[in-house]
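The following exercises ask the reader to work from the coordinates of a single model. Each task is followed by a solution in steps.

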Amino acid sequence: LRGYLSPDLFSILTSSFRASTFSRFFANAPQRNSLQLDDALKKKISLMKTQHPVMMTIPVKWGEQDSYNHLNNVTMLRYFETARIGFWLQMRRYLKEPDYLSYLYPLSPHPDCTTPNIGPILKDSYCLYKAPVTFPDTLYVFTSIPPDQLKEDRYQFKYVVISRVLGGAEVATGNATVVSFDYKKGKKAPTPPQLQRVIEALNNRDRKLLDELHSQRLEALGGQDHFEREADESLQGEHQW
């Protein structure tokens with residue numbers, strides 16, 4: 001704009017924009033100052049955890065806002081992507097390493113995997129925006145795969161996002177369909193049975209089966225799993241179990 005407007009007019013417009021943006025920000029400052037979890041929010045998080053196996057905590061960054069002074073629409077879809085990866089990280093705890101790595105990196109399958117070249121491919125992604133999100137805030141993204149959305153060759157993630165600043169109010173919901181794809185043959189394929197088993201166990205909160213699968217993973221790794229610490233850091237300790 002500077003090249004098309006007079007210096008005085010440019011100064012007036014930019015000053016007005018800055019004043020408007022920061023006045024809106026500081027007008028909400030009192031309610032934003034306290035970001036501690038209150039009892040109502042704790043109850044909401046506990047309830048959501050009973051419905052979704054994985055929760056990720058994502059702090060909102062200043063640079064993720066757009067000129068309308070709220071979180072850019074595309075950013076929420078990126079949060080969904082992060083939550084989807086978080087779900088796969090949780091699944092890794094209960095899969096043998098060759099099977100997990102070959103599914104996430106199907107173009108370079110592990111020689112010991114049972115289903116080489118089969119991996120995920122995103123079919124669609126949908127988001128329903130319920131309330132504007134602004135900085136500063138912390139969002140809690142809950143992820144699940146509903147039992148009726150687990151098909152032979154695909155499954156659908158369900159996302160629910162709540163805001164700490166807004167007291168646990170839902171700010172967005174969405175879903176994404178992932179298809180299992182044979183990257184060598186160039187066509188869809190059945191989801192590996194070991195992955196289906198883990199998804200079902202997570203959905204059913206089958207602690208006994210999950211413990212059994214985790215023990216099998218540890219045994220295959222020689223009793224030590226370096227991934228555990230990395231996963232806890234990535235998920236910030238915010239998962240169902």
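## Exercise 1: A salt bridge across the chain

Lys130 is partly exposed, its relative accessible area being 45%. The model under study is a predicted one.

Task. Determine which residue forms a salt bridge with Lys130, and where the two partners lie.

Solution. 
1. The salt-bridge partner of Lys130 is Glu170, and their closest N and O atoms are 2.8 Å apart.
2. Lys130 is in the loop between strand S2 (118-129) and S3, whereas Glu170 belongs to strand S5; the pair is 40 residues apart and links distant parts of the chain.
3. Glu170 has a relative accessible area of 28%, so Glu170 is partly exposed, as is Lys130 at 45%.

## Exercise 2: Further charged pairs

Task. State how many salt bridges a search of the whole structure finds, and describe the pairs Arg92 with Glu97 and Arg154 with Asp153.

Solution. 
1. The search of the whole structure returns 7 salt bridges.
2. As a general principle, side chains of opposite charge can pair when their charged atoms come close.
3. In the pair of Arg92 and Glu97, the closest N and O atoms are 2.2 Å apart. Arg92 and Glu97 are both buried.
4. Arg154 and Asp153 also meet through their side chains in a salt bridge, at 3.0 Å from N to O.
5. Arg154 has a relative accessible area of 22% and is partly exposed. Asp153 has 14%, and since buried means under 20%, Asp153 counts as buried.
6. Salt bridges with shared partners connect Arg92, Glu97 and Arg217 in one network.

## Exercise 3: Helix packing around H4

Task. Classify the packing of helix H4 (residues 73-92) against helix H5 (residues 97-104), and then against helix H6 (residues 193-203).

Solution. 
1. H4 and H5 pack at an angle of about 160°, and their axes are 10 Å apart.
2. Angles over 145 degrees count as roughly antiparallel, and H4 and H5 are therefore roughly antiparallel to each other.
3. The crossing of H4 and H5 is right-handed.
4. On the H4 side of this contact are Trp88, Leu89 and Arg92, which meet Glu97, Tyr100, Leu101, Tyr103 and Leu104 in H5. Two of these residues, Arg92 and Glu97, also form a salt bridge.
5. For H4 and H6 the angle is about 100°, with the axes 10 Å apart. Since the range from 65 to 115 degrees counts as roughly perpendicular, H4 and H6 are roughly perpendicular to each other.
6. Phe87, Gln90 and Met91 in H4 meet Leu195, Val198, Ile199 and Leu202 in H6.

## Exercise 4: Thr191 and Gln196

Task. Decide whether Thr191 is buried or exposed, and list its contacts beyond four places in sequence.

Solution. 
1. Thr191 lies in the loop between strand S6 (187-188) and H6.
2. Its relative accessibility is 4%, so Thr191 counts as buried.
3. Apart from neighbours within four places in sequence, Thr191 contacts Lys151, Glu152, Asp153, Arg154, Tyr155, Ser180 and Gln196.
4. Gln196 is located in helix H6.
5. Gln196 and Glu152 are 44 residues apart in sequence, and their C-alpha atoms are 8.6 Å apart in space.

Conventions
Residues numbered from 1 in each chain as written. Predicted model: local features only at pLDDT ≥ 70, side-chain atom pairs only at ≥ 80, totals over all residues. Heavy atoms only, no water. Salt bridge = Lys/Arg side-chain N within 4 Å of Asp/Glu carboxyl O. Buried < 20%, exposed > 50% of the residue type's maximum accessible area, 1.4 Å probe, protein only. Helix = DSSP H or I, 4+ residues; strand = E, 2+ residues; numbered from the N terminus. Axes fitted to C-alpha atoms, helices over the stretch in contact; angles between N-to-C directions. Parallel < 35°, antiparallel > 145°, perpendicular 65-115°, else oblique. Left-handed = near helix turned anticlockwise from the far one by under 90°. Contact = heavy atoms within 4.5 Å.
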